Amino acid sequence: MAWTRARRRWAWALALVLAALALAVPVTVARRQERTPRGTPVNVLLEDFKVRPDAAVVPAGTVRFRILNQGPTTHQLNVIRTDRAPGKLPLQRDGLTVNDDAPGLDHLDEAQGLDIDDRRTLVLRLAPGHYVMYCNLEGHYLGGMYAALTVR
């Protein structure tokens, strides 16, 4: 009788292991088949009052902004198309943040809530023109947290 209980336990253990493998293998295969978004990669480092892209000029088309926040606080990255100089964007009434809805600014997208060491990818289709990337948390833009990007 003891031998039968031991066999049943082993059978259950084997069944659990096989069930776990049956679930894990398809998930792993599916992840390997996920396609990386195509386009020009631009690494963007967010630091204390600095936006540091690794490219200032990119070709028109799909651009993958690979964002890394190195702190020391939470940041965000906004991307706008504008003919204005990066340091001359219009401010909200609070005087601390950029007015994304102002005439002459075309707000394309943003990556918000990037904590320290967070990574995010923002994929945009960009036409030729001038763009500005900036953090729009209170005072960050005024502190110099912006960078220009030219698309040709």
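In strand β9, T150 is the bridge partner of H130. This contact belongs to the antiparallel pairing of β9 with strand β8 (residues 129–134), which runs over six bridges. Two strands are said to pair if DSSP finds at least two bridges between them; strands are DSSP runs (E, at least two residues) and helices are runs of H or I of at least four residues, both numbered from the N terminus. The model is a predicted one, in which local features need pLDDT of at least 70 and side-chain atom pairs count only at pLDDT 80 or more, while totals for chains, interfaces and linings use all residues. Residues are numbered from 1 along each chain as its sequence is written, and side-chain values use heavy atoms, with hydrogens and water left out.

Strand β9 (residues 146–151) also pairs with strand β3 (residues 57–58), here in the parallel sense and over two bridges. Within β9, V151 stands opposite V58.

These strands belong to an open sheet of five, ordered β3-β9-β8-β5-β6, with mixed pairing. Its edge strands, β3 and β6 (106–114), each pair on one side only. Strand β5 (residues 75–81) joins β6 in the antiparallel sense over six bridges, and H75 stands opposite L114 of β6.

Turning to helix α1 (residues 2–33), one of its residues is V25. V25 counts as partly exposed because its relative accessibility is 47%, between the limits for buried (under 20%) and exposed (over 50%), with a 1.4 Å probe and protein chains only. Together with L14, V17, L18 and L21, V25 makes a nonpolar surface patch of about 460 Å². Patches are made of residues with over 30% relative accessible area and no salt bridge, with nonpolar side chains (Val, Leu, Ile, Met, Phe, Trp, Tyr) joined within 5 Å and like charges within 9 Å. A salt bridge is a side-chain nitrogen of Lys or Arg within 4 Å of a carboxyl oxygen of Asp or Glu. Accessible areas come from the Shrake-Rupley method with a 1.4 Å probe, and for residues only the protein chains shown count as cover.
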